[in-house]
Amino acid sequence: MRGKTIVQLLNVQKTFYPSGVKALKGVNLFLEAGSVHALLGANGAGKTTLVRILAGEIQPDAGEIFVDGRAVNFRTPKDAMRHGIVLVHQNLSLVEELTVFENLFLGREPRRLFFLDRKKAEQRVKDLSERLFLVALDRRVVDLSMAEKQKIEIVRALLFGARVLLLDEPTAYLSESEEERLFELLASLKRNGCAILFITHDLNQALKIADRVTVLREGETVLSEETSHLNVRQVIEAMGFRSSESPRVDVEIGEELLKVSDITLRSGKRLVLDRVSLSVRQGENVGLFGLGNDGQFDLLEVLIGLKKPVSGRIFFQARDITRLSIRERRRLGIAYVPKDRLREALNLEGSILENAMVNVYREIPFAKFGLLNWALLQDYIHGMLKEFQVETNSIMQPVKTLSGGNLQRLILARELFRGPKLFLACRPTSGLDAQVQHYIAERLQQLKSWGCALIATNDAEEAFGLCDKVLIFSKGRLKRTLYKEQLTEPSVLVSLVGEQT
Ligand SMILES: Nc1ncnc2c1ncn2[C@@H]1O[C@H](COP(=O)(O)OP(=O)(O)OP(=O)(O)O)[C@@H](O)[C@H]1O
Ligand SMILES: [Mg+2]
């Protein structure tokens, strides 16, 4: 089945205005039927821009796109869809309050489907979902895991006849087992002749799953090769990175900063956290690891004050903070990076400056006697963005013009730059390229000399790479603690989750 070229891009270019950023300077790429292609590159290299062009969301300034050998010119996503090309976004586009079934038909010729062809449509969904093990169609999307949502997006694409599937960082929030299931699904689509292009920052994964990889660097194709001819080092070099070792350092353990006792959290009838107790001292970065949503993310929401536990107490530097507001907790030196960054951490309509300053503009020395010291504030923000390598032309730019990885850098910069005493973060390094992941790992090591971090994750590599100690969660319960000596490789974490203790 493999071989026939479905899509070909020649010298595609794109400049964004008014900033004048040249996102694509000349990209070449081809996609073959029955193959998986990985698109790699540093944050801001132009990956998302490229797939958005292919999906008809934005138009290139120059270059050519061929589908089945014929030149095409997509003005809207519908044009691309007509040729069977569909993009599954970096940030999923499902409507949380609707059911799976409703989401599957959202925005696509509803009249015909709902009034005339509903029976036929239902049958098709049923066939597809049986084949792909989709969750029950009447469930509401808000109750589903990230992996399930992703699958719905993919099924939605297939329903409308997709034969070229573009996936923008589909594994960024998946756990290992969810990832495996996604790749099984992709493999079966590949056997049916689909062409799949997926973006990832996990180079090992790319080389394992893909038949071919293309690397973008500053808007240009710098490498395009069959994976059988490549190793990780060659890819890292093409991206313009140096390979480096994990920076873990030991510091002396200091006072107890956080003590959590007997936290129980419910969501309706469901027990989300079941009498969780833990203690974290200055000088240690602690991972909260579970295979999926096992309560580790909810615990951080409780600690920052977003969710109210039904029982239990939280002490920060020996002070009971259980009843303090989010703002009061932040003032004490607690910082927080949520899991759903776009919705919870950013004002997408605002500028980079507005988003960068939210935590500090009301504080001394920036605000005094009710007056804002703009010059000082801008200097501070510039310094912060530079340190965390957030790539911007101007801080007045709308924040949504940043690439996915740069958005993530901005949030981390904002939360880490002030040197928090307690840093709470959900999946802090997901979406970051290898170079910046390494930089964040270093920052978290520095943090230990005055504070500590709690990292909630379902990615064993992340817990392993960032933490000195890992607490294993399963279904809302703290199952066991793994100390440094026991953290010999990431797979240890996964193997211990199922164990009864
Ligand atoms: N709508 C836009 N307006 C202005 N600039 C944009 C817009 N979209 C992207 N850019 C800029 O184009 C460049 C490429 O961005 P793109 O999102 O394609 O990167 P990426 O390779 O997907 O990065 P990441 O790995 O961080 O997601 C970046 O400099 C980005 O700031
Ligand atoms: Mg992107």
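A residue counts as exposed when its relative accessible area is over 50% and as buried when that area is under 20%, with partly exposed in between. Keep those cut-offs in mind as you click through this predicted model.

**Stop 1**

Select Arg82, which at 63% relative accessibility counts as exposed because the cut-off is over 50%.

**Stop 2**

Next, pick Asp68 and Arg163, whose side chains form a salt bridge of 2.8 Å, N to O. This pair links distant parts of the chain, 95 residues apart: Asp68 is in the loop between strand 4 (62-67) and strand 5 (70-72), while Arg163 is in the loop between helix 6 (146-159) and strand 7 (164-168). Asp68 is partly exposed at 38%, and Arg163 is partly exposed at 26%. The structure as a whole holds 25 salt bridges.

**Stop 2: Val95**

Move to the loop between strand 6 (85-88) and helix 3 (100-104), where you will find Val95. Val95 counts as partly exposed, with 35% relative accessibility. Leaving aside neighbours within four places in sequence, Val95 is in contact with Asn103, Leu106 and Val141. If you draw a C-alpha to C-alpha distance from Val95 to Arg140, it comes to 9.2 Å, for two residues that are 45 apart in sequence.

**Stop 3: domains 2 and 3**

Colour the protein by its domain assignment: domain 1 (5-239), domain 2 (251-333 + 421-501) and domain 3 (347-417). The centres of domain 2 and domain 3, taken over C-alpha atoms, are 26 Å apart. Where they meet, 16 residues of domain 2 contact 13 residues of domain 3. The area buried between these two domains is about 1,300 Å², with 52% of it coming from carbon and sulfur atoms. Highlight Phe423, Tyr439 and Arg443: together they supply 35% of the area that domain 2 buries against domain 3, more than any other three residues.

Then turn to the charges and polar groups. Between domain 2 and domain 3 there are 3 salt bridges, and 5 residue pairs are in polar contact. On the domain 2 side, helix 11 (326-331) and helix 16 (434-447) each supply at least two of the touching residues, and helix 16 gives the largest share, 5 residues. That side divides into 7 nonpolar, 3 polar and 6 charged residues. Show Arg409 and Asp433 too, as their side chains meet in a salt bridge of 3.2 Å, N to O.

**Stop 4: Arg427**

Zoom in on the loop between strand 19 (422-426) and helix 16, which holds Arg427. Is Arg427 buried or exposed? At 3% relative accessibility, Arg427 counts as buried. The side chains of Arg427 and Asn458 are joined by a polar contact of 2.4 Å. Beyond four places in sequence, Arg427 touches residues including Thr171, Tyr173, Phe297, Arg341, Gln408 and Glu462.

**Stop 5: Asp468 and Lys448**

Finish with Asp468 and Lys448, a salt bridge whose closest N and O atoms are 2.9 Å apart. Asp468 lies in the loop between helix 17 (460-466) and strand 21 (469-474) and Lys448 in the loop between helix 16 and strand 20 (452-457), so the pair ties together parts 20 residues apart in sequence. Asp468 counts as buried at 5% relative accessibility, and Lys448 counts as buried at 1%.

Notes. Residues are numbered from 1 along each chain as its sequence is written. Chains are lettered from A and ligands numbered from 1 in the order in which they are written. This is a predicted model: local features need pLDDT of at least 70, side-chain atom pairs count only at pLDDT 80 or more; totals for chains, interfaces and linings use all residues. Side-chain values use heavy atoms; hydrogens and water are left out. Domain bounds come from an automatic or database domain assignment. Contact means heavy atoms within 4.5 Å. Buried area is the accessible area (1.4 Å probe) that two parts lose on being put together, summed over both. A salt bridge is a side-chain nitrogen of Lys or Arg within 4 Å of a carboxyl oxygen of Asp or Glu. A polar contact is a pair of N or O atoms within 3.5 Å; within protein, one must be able to donate a hydrogen and the other to accept it, and residues adjacent in sequence count only if both atoms are side-chain atoms. Helices (H or I, at least four residues) and strands (E, at least two) are DSSP runs, numbered from the N terminus. Ala, Val, Leu, Ile, Met, Phe, Trp, Tyr, Cys and Pro count as nonpolar, Asp, Glu, Lys and Arg as charged, and the others, Gly among them, as polar. Buried means under 20% relative accessible area, exposed over 50%, partly exposed in between (1.4 Å probe, protein chains only).
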